[in-house]
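This report describes selected strands and helices of one protein model. Please consult the sequence and the structure shown here while reading.

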Amino acid sequence: MNIIGPEELVFGVTDVAAGERFLADYGLLPQGQGRFEALDGTAVIVLAADAPSLPSRTLDTANMLRKTVYGVADSNTLEAIADELGRDREVKRLPDGSLECVDDVGFVLGFKVTQRRPVALPAERVNAPGDPNRPVNTPTSPASGPGLQPRPRTLSHVVYFVPDIERAEAFYTQRLGFRVSDRFIGMGPFLRPAGTIDHHTLFFIKTPAHMQGCEHFTFHMGGPGEVMTAGWEFAKKGYQSYWGPGRHRFGSNWFWYFNTPFGCHIEYDADMDLHDDNWVPREAMAATDLSQIFLFDWREKWAPGGPPTGAA
């Protein structure tokens, strides 16, 4: 199935104003009615927890993520998903043409034909002895200063706390065609759908049932310099850094995590590995030194009972 990746994340919160201010300060562009977009149109939507447009709560936890909407390539993919998932669950067809259902571990999913816009911006480029990569006389320092905050380019991935890793993985791989890129033994897999070569758009962390929900979500930036610049500007606005800046081992992406008013974390990330179907997944124990290649502020414990909560 030609699923591209997360298109929208929908949160139901108690303080909408704080959520909107947070997303704008993070760098997303306000579009009205609680919608905040990256440069390509992928978005976070923040609504009051009792908003009638939200799907009913499906998890008896503190989770504020009410729906993960995936963008798909075309209407044929949408129909294939409806046919496949309609075999054993209700699949609603909403007035906007999208689908809505619940996965095997209780998360509400949406599917819609993608509305992403092309982003024609250069990436940060690196010169190194033996392999010059950047044309002469071409500075590459990211924009900084008032009004020059780097903007998130696209919604990258979402991470779930789940009690039943095996059941969650089976649903996404067997029913929706996701592939495992890599795996932390005893924690969970990194997954990507068929329509992207990003290392992952979804990651699971095994936790007790009472913790089930969204652990973090993130947007791709233009490079590590933009991660550092955006994170620095964000921290100067008073937002609390949670983990980072640093660089992951699986996925190789640079990261910087912050606390949010949504009961989860948010990340800036950049320079994620790309993999096709020839890639052979790696496995490693979920140990600190296998999650973070380096970290300016080392975090020894990064998930309930052991590894980091921001492992993706």
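Two strands are taken to pair if DSSP finds at least two bridges between them. The model discussed here is predicted.

## Strand S15 and its partners

By that criterion, S15 and strand S16 (residues 265-270) are paired: they run in the antiparallel sense over 6 bridges. Within this pairing, Trp256 stands opposite Tyr268 in S16. The hairpin formed by S15 and S16 has 5 residues between the strands, and Gly263 adopts a positive phi near 75 degrees there.

Strand S14 (residues 241-248) also pairs with S15 in the antiparallel sense, over 4 bridges. One of the positions involved is Ser241, whose bridge partner in S15 is Phe258. S14 and S15 likewise form a hairpin with 5 residues between them, and in its turn Gly251 has a positive phi of about 95 degrees.

How many of the 6 residues of strand S15 are buried? In S15 (residues 254-259) the count is 5, so the strand is largely enclosed by the rest of the structure.

## Helix H1

Helix H1 spans residues 16-26, and its buried residues are Ala18, Gly19, Phe22, Leu23 and Tyr26. Viewed down the axis of H1, these buried residues fall within an arc of 130 degrees, so they line one face of the helix. They pack against S15 and S16, and also against strand S3 (35-37), strand S4 (43-48), strand S13 (213-220) and helix H4 (224-236).

At the N-terminal end, H1 is capped by Asp15, which places a side-chain oxygen 3.4 Å from the backbone nitrogen of Ala17. Just after the helix comes Gly27, with a positive phi of about 125 degrees.

An open sheet is formed by 8 strands in the order S2-S3-S4-S1-S5-S8-S7-S6, with mixed pairing. Its edge strands are strand S2 (29-32) and strand S6 (92-93), each of which pairs on one side only. S3 and S4, which belong to this sheet, are among the elements against which the buried residues of H1 pack.

Strand S7 (residues 99-102) pairs with strand S8 (residues 108-113) in the antiparallel sense over 4 bridges. Leu99 has Phe111 in S8 as its bridge partner. Helix H2 (residues 75-85) packs on the sheet, where it touches strand S1 (3-13), strand S5 (65-72), S6, S7 and S8. The direction of H2 makes about 150 degrees with that of S8.

Terms used: Residues numbered from 1 in each chain as written. Predicted model: local features only at pLDDT ≥ 70, side-chain atom pairs only at ≥ 80, totals over all residues. Heavy atoms only, no water. Buried < 20%, exposed > 50% of the residue type's maximum accessible area, 1.4 Å probe, protein only. Helix = DSSP H or I, 4+ residues; strand = E, 2+ residues; numbered from the N terminus. Arc of directions from axis to C-beta. Contact = heavy atoms within 4.5 Å. Polar contact = N/O pair within 3.5 Å; in protein donor to acceptor, adjacent residues only side chain to side chain. Axes fitted to C-alpha atoms, helices over the stretch in contact; angles between N-to-C directions.
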